[in-house]
Amino acid sequence: MIRNTLKFVLKTPRTVHAMCAAAATAALWLVKPVLDASYSASGFPVDYATGQLAFDGNLLKGYYAHMISKGTLGVYWQTQFIDFGFIAAVFSLGLFVATGVARLSAPGSWGRRVGLLSAQAAMAGALFDASENLVSFIMLANPADFQNG
């Protein structure tokens, strides 16, 4: 999927490519404040990075219990949906900016290799983040008693 996406994007007209990069940048600027506000309103008890790196089921249950006690778990559900918009913007921005660097670089050059590798890393990262969100929905379906492992 990633390789086919790269091939397709590299074949798009340069003007279209540049417009897509600009649109992805605008999308990121638009969705990020909405995501931040929703995350804050959810009352998630730790910062975003700490929450993203919490791989302990009991710890997550505690975070969810905190939001349940505050009555904000529904806001957190909404935040997870908004996060998909953020993920799509990051995916697109990484894809179009990095392949733009690759297109501006000579074939076989260091710049071309770095651009293509960066695009692949951005897309893979976004796909892993989306997968993490999907797992979150499974846990949120039963926030007090999901399986830990």
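Leu-117 counts as exposed because its relative accessibility is 58%, where exposed means over 50% relative accessible area, buried under 20% and partly exposed in between, with a 1.4 Å probe and protein chains only. The model is predicted, so local features need pLDDT of at least 70 and side-chain atom pairs count only at pLDDT 80 or more, while totals for chains, interfaces and linings use all residues. Residues are numbered from 1 along each chain as its sequence is written, and side-chain values use heavy atoms, without hydrogens and water.

Leu-117 is in helix 6; helices are DSSP runs (H or I, at least four residues), numbered from the N terminus. Leu-117 and Asp-56 lie 31 Å apart, C-alpha to C-alpha, and 61 residues apart in sequence.

The largest nonpolar core has 13 residues, including Phe-44, Leu-60 and Tyr-64. Such a core is a set of buried Ala, Val, Leu, Ile, Met, Phe, Trp, Tyr and Cys residues joined through side-chain atoms within 4.5 Å. Helix 4 gives the most to this core, with four residues. Apart from it lies another core of 12 residues, among them Ile-87 and Phe-96. Leaving out residues up to four places away in sequence, Phe-44 touches Tyr-39, Gly-51, Tyr-63, Tyr-64, Met-67 and Tyr-76 (contact: heavy atoms within 4.5 Å).

| Class | Lining residues |
|---|---|
| Nonpolar (Ala, Val, Leu, Ile, Met, Phe, Trp, Tyr, Cys, Pro) | 12 residues |
| Polar (the others, Gly among them) | nine residues |

Terms used: Helix = DSSP H or I, 4+ residues; strand = E, 2+ residues; numbered from the N terminus.
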